[in-house]
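Visitor: I would like to learn how to read the features of a structure like this one. Could we go through it together?

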Amino acid sequence: MFDSLSEKLEAAFRRLRRKGVLSEADVREAVREVRLALLEADVNFKVVKEFLAKVEARAVGQEILASLTPDQEVVRVVRDELSELMGRQPARVTMASNPPTVIYLVGLQGSGKTTTAAKLARMLKDQGRLPLLVAADIYRPAAVDQLRTLASQLDVPVYYSEGANPVELAVQGVAQSRKLARDVLIIDTAGRLHIDEGLMAELEAMEKKVPAHETLLVVDAMTGQDAVRVTESFRQRLPLTGVVLTKLDGDARGGAALSIRAVTGLPIKLITTGEKLDALEAFQPERMASRILGMGDVLSLIEKAELSLDRAETEDLAKRVESGDFSLEEFRAMLQQVKRLGPLSKVMEMIPGMGAMGKLKNQIDDKSLVRVEAILSSMTPLERRRPKVLDGSRRLRIARGSGTTVQEVNRLLKQFQEMQKVMRQVKGMRKGKRGVPKLPFPPMP
Amino acid sequence: MPGLWERLRGGLSRTRQGLGDRIRAVFAGRQWSDELWDSLEEILYEADLGVDTVSHLLEETRTLVRQKRPKLADEVVEMLRRAMIVDLAGNDHDPWYLPPERPVVWMLVGVNGTGKTTTAGKLAAMMKARGHQVILGAADTFRAAAIEQLAIWAKRAEVPVVSQAIGADSAAVAYDTVTAAVARGMDLAIIDTAGRLHNKAQLMQELAKVHRVTGRALAGAPHEVWLVLDATTGQNGLSQAETFVKTVAVSGIVLTKLDGTAKGGVALTIARTLHLPIRWVGVGESLDDLIVFDAKAYVSAILGETQGTSE
């Protein structure tokens, strides 16, 4: 699997540092690592080439060579250039001064137009607008039903008329919006290939009859090199105003975002981050830059933690731990909370600097976590609360019950004792009025 | 296999950039020189093969070039082509073949929006056309109107469909589908599952459960699990495949939407690293737009050639 860019850069520069002085060639080596990271993130090949030419011009300059931490400097330059390219400020969806505002959602099949249409309706409704959805995907079986089902959850009306073609639906949709006094029209169009002449002409005809205030291209964040070709083709035919990047709740690095920006200059206005209808957010250029580089994203981790963890339970747990009440029972509860964040390797990737701790990464894996949990679950509540009662025969029973060995059980208990020691020290520190983490994550076996 | 080739060429000729002829324009009839490595590299990257596969293929080709010292650029392209075909070896199994023990159960899995439901409809229609009794199972009980969508495909294909209401337990639908297939003496049951992002542990566990419960309805089921992969997907495809393979016993790939300009090169990377065969490719929206994978034609398409291989 891919090692994060920071990790690679750190390794490259560690080798170089031994040489004492850095040369231009050394910096080029680092730039090469950046190149691989960008390519692995699906940034378009040509875009990578142009981008790196710019970075290299800056990186080979004195500021980096003279720096004490050239690796961090290179990363900083790369990030700067990336954020610059992506736009510093989030771009917004604009509303017409004269309602109704007409918003088209266009894109390839399966990029997520229908779901995005519903999410956008919800977002606008929350902002006090009165959206009307137009179901103009007359080709995909049950696409109209899908939009209707989603809209009914939001209590937003959908316009559709059996037998009408998409152009007619757009025209009638405007009339309907006047009749129902709705001020935003969201037109969900059928997915189409950018090289499908007939269907592209149909979109042109729609926008000719019902001009758009916003035409948003919906792009799957997992898209590879083709993103550039697709966006260019759509832009040649339609007045695109921005992009919605979908499925960012996946683990794709989303290099398509960079490619699209670089080649077309179109702003990415919105991103979708989940299956629920409220999972639509403004695009944050800085965050995307970090994600593409695989540099860890603490903000996302915090958000994820807030979403996944049971707040009451976490606070209760923290309280118990702080009061010195840290037994295997609490340890098990912690493990279960951590597990909810998803695969540990992914969680670790989000923590900056963790990339460098390659050794630790191999030790902490989900399989060992499962074994630890099995061991803990094979104990009785009494044993978890008072590990002192664990004699040889109990340990043997636990090993058998959890499908592990007595050695593994022993190792876990020993590590737990060390952990308890740390906890006591932390408690002592607290008395000394020094900062203390609220929920100290224990070291794993 | 003229079908795939004709269709892919049809797709390619529609592009305006004339991408298709690039390899010809750059390489045909030219003397080989080291500057051409960059062009080869670019073509491979733009086909979504990814860093590891591109390095591996160029390394293989470089070794051959050092040994044989070809004069013409075409010869080098030929060496590269062979290296790619080697990576796809073992893909000549006939995916239409059904073992004698009936019913056979297939399951379709994949991330959101790759074309699972459409593929289920196409497979049902095409297996029916081959004289098999087919039943569909609407185990995507999550996405709004997915059940209706599959029902429309079932009607088009003229096959029965087993379904429950939206929000129902998808494992129960899968179980019912297999039980119905047994009771009605069907040859093939095709189970459509909900799209899910592979990094969502809970959803993957749910899929494992659907798989398990299917096996409880009929020992040995599902006999094949097809991973539906969108050809426009980049390097994330590998991460998808890795996780799905770990969760359910994936037997092969259906590469959809190959009628656009995307080359779907990540499928080769998956085939190479996970030894997962590509079985079908989807090239359109009609009932019969699903064709058996052909390694040579696919490699030609990746290399952007508009005519058949010289072999």
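Visitor: How many helices and strands does the secondary structure of chain A come to?

Guide: A word on the ground rules comes before the count. This is a predicted model, in which local features need pLDDT of at least 70 and side-chain atom pairs count only at pLDDT 80 or more, while totals for chains, interfaces and linings use all residues. Residues are numbered from 1 along each chain as its sequence is written, chains are lettered from A and ligands numbered from 1 in the order in which they are written, and side-chain values use heavy atoms, leaving out hydrogens and water. Helices (H or I, at least four residues) and strands (E, at least two) are DSSP runs, numbered from the N terminus. Chain A has 21 helices and eight strands.

Visitor: What percentage of the residues of chain A count as buried?

Guide: Buried means under 20% relative accessible area, exposed means over 50%, and partly exposed is in between (1.4 Å probe, protein chains only). Of the 445 residues in chain A, 52% are buried. Accessible areas come from the Shrake-Rupley method with a 1.4 Å probe, and for residues only the protein chains shown count as cover. The accessible surface of chain A is about 20300 Å², and carbon and sulfur atoms account for 52% of that surface.

Visitor: Which residues of helix α12 of chain A are buried?

Guide: Helix α12 spans residues 285-293, and its buried residues are Pro285(A), Met288(A), Ala289(A), Ser290(A), Ile292(A) and Leu293(A). After α12(A) comes Gly294(A), with a positive phi near 65°.

Visitor: How do I read contacts, and what share of those in chain A between residues at least 6 apart in sequence join residues at least 24 apart?

Guide: Contact means heavy atoms within 4.5 Å. Among the chain A contacts between residues at least 6 apart in sequence, 75% join residues at least 24 apart. For a case that involves both chains, look at Gln235(B), in the loop between β5 (224-230) and α10 (236-247) of chain B. Gln235(B) is buried, at 10% relative accessibility. Neighbours within four places in sequence aside, Gln235(B) is in contact with Leu39(A), Glu40(A) and Asp42(A), and also with Asp48(B), Leu49(B), Gly50(B) and Val266(B).

Visitor: Now for charges: how many salt bridges are there over all chains?

Guide: A salt bridge is a side-chain nitrogen of Lys or Arg within 4 Å of a carboxyl oxygen of Asp or Glu. The count over all chains comes to 25 salt bridges. One of them pairs Asp126(A) with Arg122(A), whose closest N and O atoms are 3.5 Å apart. Both residues lie in helix α6 (residues 113-126) of chain A, four residues apart, about one turn of the helix. An α-helix has 3.6 residues a turn, so residues three or four places apart point the same way. Asp126(A) is exposed at 56% relative accessibility, whereas Arg122(A) is partly exposed at 30%.

Visitor: Which residue of chain B forms a salt bridge with Asp249(A)?

Guide: That partner is Lys200(B), with the closest N and O atoms 2.5 Å apart. This pair crosses between chains, from the loop between β6 (242-246) and α11 (255-264) of chain A, where Asp249(A) sits, to Lys200(B) in the loop between β4 and α9 (201-217) of chain B. Asp249(A) is buried, with a relative accessible area of 17%, and Lys200(B) is partly exposed at 22%.

Visitor: Which side chain of opposite charge is nearest to Asp192(B)?

Guide: Lys and Arg count as positive and Asp and Glu as negative; His and the chain ends are not counted. For Asp192(B), which is buried yet has no salt bridge, the nearest side chain of opposite charge is Arg143(B), 5.7 Å away. Asp192(B) is in strand β4 (residues 188-193) of chain B. Not counting residues up to four places away in sequence, Asp192(B) touches several residues, including Leu108(B), Lys116(B), Asp140(B) and Leu150(B).
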